[in-house]
Amino acid sequence: MKIYKTKKTAVIVHEGNYYLTSESWDSIVNRDKLYDYLLAETKKSTPSDIAINLIEKELLPPIGSQEVWAAGVTYFRSKEARMDESKDSGGASFYDKVYDADRPELFFKSTAERVVGHGGYVHIRKDSTWNVPEPELALFINSNGNIEGYTIGNDMSSRSIEGENMLYLPQAKTYSRSAALGPCLYVPASPIPSNTTIEMEIIRNGKVMYHDIVQISQMKRKHTELASWLFRELDFPSGCFLMTGTCLVPSNDFTLAVNDVVNMTIDGIGMLTNTIDVKKPT
Ligand code: DO4
Ligand code: MG
């Protein structure tokens, strides 16, 4: 079961049929047993052809008023990359420690207004020299702390700023259009399987500059573990999104360029495509 947010309404897609909905995004998604609710909605409505057009022409990121949070250093590859980029600034051992610690690295990523959807432009900072996209499985966690759905997250990151000093992490990670989500909220009947793959390709002038694929089974931590740490001392009245970390890191000589196209694919969810833009200095 998938649910797409469009300018006019949310659209449920189930078994090849499209259903229009009338409630607001937040009130549709923020509930326990979301799959059962959406299934019941499809049973009582008639499939609609207009809905297909809405998804093609008026798609928005699958987010209402939720905040976007992110987990870091949840895969061995991410730990290695951060240790390497921060070795001169003395930050390397902190990544090593957090990888093995009980408490995960969790950081605030984006407000909903700053999030880009499928087909949109994500930014690289003008004051950054080393930039990468990070393809991540993003959890939708409802206000009761239950994982009810999944989407694809692009955790755009400045490796030069992050590597210069760990205390610059918020600037490396959080800026306008540094987060993309989409194309839909995927709501399966049971939790996403561990053999689910995350794939990323980066295309420059029609040429594939990077391509790799990984299974989420390589992640060190459980999704429920990350969700419960996030909800320890924070309330999310409409739920929230939590990106679960990256395992796909291009080699150190790669940095994004304007007009690069980034395709991220996760089994069951689909593909999130973004183009790189630069925010003009003000
Ligand atoms: O600590 C830096 C951020 C790590 C991160 O974003 C990731 O592992 O995905
Ligand atoms: Mg990340």
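The area buried between domain 1 and domain 2 is about 1300 Å² in this predicted model. Buried area is the accessible area (1.4 Å probe) that two parts lose on being put together, summed over both. Carbon and sulfur atoms give 57% of this area. Lys 2, Asn 30 and Tyr 35 supply 38% of what domain 1 buries against domain 2, more than any other three residues. Domain 1 spans 2-60 and domain 2 spans 67-278, with bounds from an automatic or database domain assignment. Their C-alpha centres lie 26 Å apart.

Local features need pLDDT of at least 70 and side-chain atom pairs pLDDT 80 or more, whereas totals for chains, interfaces and linings use all residues. Residues are numbered from 1 along each chain as its sequence is written, ligands are numbered from 1 in the order in which they are written, and side-chain values use heavy atoms, with hydrogens and water left out.

Across the interface, 15 residues of domain 1 contact 19 residues of domain 2 (heavy atoms within 4.5 Å). Ten residue pairs, both at pLDDT 80 or more, are in polar contact. Such a contact is a pair of N or O atoms within 3.5 Å; within protein, one must be able to donate a hydrogen and the other to accept it, and residues adjacent in sequence count only if both atoms are side-chain atoms. Salt bridges between the domains number zero (side-chain nitrogen of Lys or Arg within 4 Å of a carboxyl oxygen of Asp or Glu). On the domain 1 side, β1 (2-6), α1 (25-29), α2 (34-44) and β4 (59-60) each give two or more residues. Helices (H or I, at least four residues) and strands (E, at least two) are DSSP runs, numbered from the N terminus.

Glu 134 lies in the loop between β8 (131-132) and β9 (135-141), and Asp 155 in strand β10 (residues 147-155), 21 residues apart.

Two backbone features remain. The Gly 182 to Pro 183 peptide bond is cis, with omega near 0°; Pro 183 is in strand β12 (residues 179-186). Glu 15 has a positive phi of about 50°.
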